[in-house]
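Welcome to this short tour. Please open your viewer and keep the selection panel handy.

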Amino acid sequence: MVLGVNHVRADVALRGELSLDQLPLLSALYTRLKREAGFEGAVVLSTCNRTEIYTTEALAVDRVAALWGETVGVRPAQFVDAAYVHGGDGAVAHLFQVAAGLDAMVLGETEILGQVKAAYAVAQQQHAAGVLHRIFQAAFKAAKRAHAETAISERALSLGYAARELATKIFGDDLPERRVLVVGAGAMAAKAFRHLQDASADVTVVNRTAARAEALVASAGGRVAPWSDLASLVASSDVVVTATRSPTVVIPTKWVRAAAPLRRGVPWLFLDLAVPRNVALGVGRVPGVLRYDLDDLDAVVQKNRVRRAAEVDAVRQILREEAARLAREMDTAAVGPVIRSLREKAEHIRSDELEALWRRLPDLSPTERAAVEQTTHRMLTKLLNDPMTSIREWASVPDGPVYLDALRELFRLDAPSSQPQPD
Amino acid sequence: MEVWLLAGTGTALAGSSVGFVWGFYEPRHERWAAGGLAAVWVLATVWLTMAFDRPEPSLGAPAVVGNLAVWMAAAGSPWWSRRPGWGPLAGFAVPVLTLVWVASQLVKPWLPAANAWPSPWGWVHLALLAAAINSLLLGAAAAGMYLEHERELLHKVPRVFYYRLPPLGDLDRWSYRLTVWGWASLSGAIVTGGLLSDPAGVYWVQTVGGAGMLAVWLAYLAYGILRARGWRGHGSSWLTVAAFVALAVDVVGAGGLSHGVAATAWHGWLG
């Protein structure tokens, strides 16, 4: 079962109030949950876009909501309308969708998978994950398959990331060896700077106010150059990103036209993220130069969004397959202990009876003893063969759990729990 | 039997070409396209074995080179089809390879290839030529991908190649490396061709095909020199494509329709 709020159902303020991303709060909630009668396991996922409590249906939803509210100091009545609850297969499907990024604000984002893994790791540290172990492992596997086998997470959906993606599409593995120039130090320039830094590019920042450029570089590395060197820096860079508030063009066509022949056919990328434009329109007409402005990048992002959305059906299919596999594994896991227990009980009876027989007939030769042992073993195997087949079939029938309970009762089997207890 | 083998090879190559091109839109189709290449490998192996054993050949060297080329491409497919970005490369290269193969089966037989089997240089010459064709074809395909990818980036309208093709920098590097390998193989093929010609006392450049091959070789040499001096990208890609077209015209055109280098050598041998 899952109880939660997300960016669709709750506004930022409510999500903030219900957030459990601080370890003390999380720890307090886990402690409260573990004290509950019938507790079998829980995992709390709390990000900026969602807070969700995964547990089993052994705990009542109202009780979980009460414990959550008690932990964060919010009455359940204040968030019950914004919250959603999924049970059984619906909860598993929801977890799979969250892990694969289908339920994320940015469709197909991969960051959420890391957050789900981190949440599960915390639950393990708190010795709280319990019976949810297998379900979360299956969710990680399903999400990995979704990202590997489809293009759901492949294309940039933000302008900053699109700038990096474009630079990568041009220079590929060579990007870390290419010179990147970021002109400006505002918010947009900072986003592009960080994305390009993440791609291991050699980034230089130049800004009219050098102090702002230094502040930007101080947080993530890179170099700062004086504004007066702009023309020579442009000429020696392979990727030029501009995002200043200049009302006039910062990079005129003549600079680019003069330097273009020296590049000997190596592509030259200009990303103009400013409004009004910082790079002259004529730059795009210089041979070998690719000039993208905000509108061009936005068109790429829109196209990417459409292509990601086209992958959703394929991802859902993978998630369905993995959910079905999980269901089969859990069903099989449920009958395994019963089979083992029944076989052990029968074998125990056989060995006890044989011991008694050896005491009554001490003169039996080793050959005769072996013959008796083999005969009783074959009898036992033949006798149990049909019941074992039936029990295995019960793994995939709706009434299987009822039959298993009846079997346990009938033979007085003391089967261990079917679920692993890693914590 | 031969007709059926060739029909099967042609069908499998055509199917594989369609699969790889379709793979631009649906990458999963690359799997059965690779399966088609596996069939090509089996059929070409049988054909080459039969050609090797035949005492009185009726087929010429272009047919042998064509089958050797597809055999090599197919033999390497389990390796290259797993490399990232090589599916799209096959989408460009396999259809061209198919056309080259079809042409190689149709042109006039200018060397009774099996008659050269007693000469190890004959085999080495043909194998090197097939390797050169494959490598230069892949180099030209990578260059073609570069030009197409660059065109989409310049038009700023992302279509299928924007998403499926490897980065420009990678394509430029692949094209260069494959062309260098191809040029080295071509040099070897020319030298071994010269060794074939030598007993006849003729010079291979005396023929149309031989002179064309020298021109192609010089074009690739010029390409290598320009690359060494830092030349990259658009112009470099066009030269790679143009040089391969010249090679194809020479091998199946001038060399096949007229009396080419190997034909001169062989007729000279016959005395």
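Is A:A104 buried or exposed? Keep in mind that the model is predicted, then select this residue and look around it. A:A104 is buried because 23 other C-beta atoms lie within 10 Å, and the cut-off for a buried residue is 20 or more.

**Stop 1: around A:A104**

Colour the chain A loop between α5 (88-100) and α6 (111-125), and you will find A:A104 in it. Next, show A:N49, A:E109 and A:I112: setting aside neighbours within four places in sequence, these are the contacts of A:A104. A:V8 and A:A104 are 96 residues apart in sequence, yet the distance between their C-alpha atoms is 9.5 Å.

**Stop 2: the sheet in chain A**

Now switch to a cartoon view and pick out the strands of chain A in the order β2-β3-β1-β4. Together these four strands form an open sheet with antiparallel pairing. Which strands are at the edges? They are β2 (42-46) and β4 (84-86) of chain A, each of which pairs on one side only.

Zoom in on β2(A) and on β3 of chain A, residues 50-55. These two strands run antiparallel and are joined by five bridges.

**Stop 3: two crossing helices**

Stay in chain A and select α8 (residues 159-171) and α9 (residues 187-198). Two packed helices are described by the angle between their axes and the distance between the axes. Here, the axes come within 8 Å and cross at roughly 45 degrees, so α8(A) and α9(A) are oblique to each other. The crossing of α8(A) past α9(A) is right-handed.

Which residues make the contact?

- From α8(A): A:G160, A:Y161, A:A163, A:R164 and A:A167.
- From α9(A): A:K191, A:A192, A:H195 and A:L196.

By class, this contact of α8(A) with α9(A) has five nonpolar residues, two polar ones and two charged ones.

**Stop 4: chain B**

Finally, move to chain B. How many helices and strands are there in chain B? Chain B has 10 helices and zero strands. Of its 271 residues, 52% count as buried. Among chain B contacts between residues at least 6 apart in sequence, 82% join residues at least 24 apart.

Definitions and conventions:
Residues are numbered from 1 along each chain as its sequence is written. Chains are lettered from A and ligands numbered from 1 in the order in which they are written. This is a predicted model: local features need pLDDT of at least 70, side-chain atom pairs count only at pLDDT 80 or more; totals for chains, interfaces and linings use all residues. Axes are lines fitted to C-alpha atoms, for helices over the stretch in contact, and angles run from 0 to 180 degrees between N-to-C directions. Angles under 35 degrees count as roughly parallel, over 145 as roughly antiparallel, 65 to 115 as roughly perpendicular and the rest as oblique. A crossing is left-handed if the near helix is turned anticlockwise from the far one by less than a right angle, and right-handed if clockwise. Two residues are in contact if their C-beta atoms, placed from the backbone, lie within 7 Å. Ala, Val, Leu, Ile, Met, Phe, Trp, Tyr, Cys and Pro count as nonpolar, Asp, Glu, Lys and Arg as charged, and the others, Gly among them, as polar. Two strands pair if DSSP finds at least two bridges between them. A residue is buried if 20 or more other C-beta atoms lie within 10 Å of its own, exposed if 12 or fewer, and partly exposed in between; C-beta atoms are placed from the backbone.
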